[in-house]
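Here is a short briefing on a helix crossing and some salt bridges. Keep the structure open as you read.

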Amino acid sequence: MRVVILCSNPYSETGCAVAARLAQVGYAPFGALTLASWDRSTLLRKVGQWGLRDSIHYAAAKLAPGKGTNGKQVLNPYLEKALQHGDEIFRGLREVGRAHGFPVVTCGDQNSPRSLAQLKKWSPDLAVFTGGNILRDEVLKIPRLGVLNSHLALLPEIRGMSSPEWSLLCGVPLGITIHFMDSDLDTGPILLRREFAGGDDCDSLTDLRNRMIAEGIELLAEAVAGLDRGTLSAVPQAEPEADRQFFVMHERLKAVATRRLKNGRLNSVAGRCDG
């Protein structure tokens with residue numbers, strides 16, 4: 001199966017881990033299409049998701065690793081196994097590409113004519129989205145099977161941004177959904193939908209998100225293998241009771257979500273999005 005990676009930047013830890021993990025299980029990417037390191041849209045999105053301080057910390061850590069780390073600093077510790085390559089840690093998508101024999105192409109926009117031409121040249125069966133632009137139909141239609149995404153919440157209940165936090169606030173069980181992308185937000189057919197059982201072991205929202213990202217990568221690998229073997233097929237999403245889309249959560253609401261995480265109140269207020 002020809003798999004390509006769509007990535008937000010060459011130093012995306014999640015993008016590197018997805019590519020490396022797929023290679024580990026026998027599905028080395030055929031190519032990777034990534035935005036530039038300092039793409040404006042990606043930076044604005046990260047600031048919106050993480051805040052300015054954490055975004056600066058991430059960029060500094062990726063581009064200037066601390067002394068004494070021997071290049072082994074991993075911001076998400078749960079990705080270290082996927083990023084491990086011999087005695088080294090993959091620190092960029094090009095390193096993964098050199099190790100597993102696939103090209104990495106940088107673009108200014110994943111929807112641009114140049115990007116479309118590159119994807120058509122690769123002729124993928126499947127694309128795996130790890131971040132970048134909002135994809136248009138022209139991109140989504142190029143892979144024979146479609147474009148896969150790992151969403152850090154159960155669909156269709158929690159669509160949009162800050163999905164683990166909104167799951168906590170709304171009393172929806174934490175979960176991960178592997179789905180095909182379509183022209184709307186988080187509405188495409190579902191391949192895998194699993195509740196996340198590790199919430200009680202998390203001591204912060206950052207720890208929760210990191211653990212869920214790592215589990216989402218494992219589910220992506222499972223989904224790719226299932227599609228290749230013909231043991232998985234996508235099913236349309238059930239209609240939600242209310243067609244809601246969630247946006248970046250305010251810090252005050254994050255504090256409420258954090259309290260619920262620490263107090264173990266993960267399912268005690270099902271259906272409510274209040275404090």
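Buried means under 20% relative accessible area, exposed means over 50%, and partly exposed lies in between (1.4 Å probe, protein chains only). By that rule D125 is buried, at 17% relative accessibility. The model is predicted: local features need pLDDT of at least 70, side-chain atom pairs count only at pLDDT 80 or more, and totals for chains, interfaces and linings use all residues. Residues are numbered from 1 along each chain as its sequence is written, and side-chain values use heavy atoms, leaving out hydrogens and water.

**Salt bridges**

- The structure holds seven salt bridges (a side-chain nitrogen of Lys or Arg within 4 Å of a carboxyl oxygen of Asp or Glu).
- One of them joins R144 to D125, with the closest N and O atoms 2.9 Å apart.
- R144 is exposed, with a relative accessible area of 59%.
- R209 and E165 form a salt bridge at 3.0 Å, N to O.
- This pair links distant parts of the chain: R209 lies in helix 9 and E165 in helix 8, 44 residues apart.
- E165 is buried, at 6% relative accessibility.
- R211 and D207 also form a salt bridge, with the closest N and O atoms 3.0 Å apart.
- R211 is partly exposed at 24%, while D207 is buried at 12%.

**Helix contact**

- Helices are DSSP runs (H or I, at least four residues), numbered from the N terminus.

Methods: Helix = DSSP H or I, 4+ residues; strand = E, 2+ residues; numbered from the N terminus.
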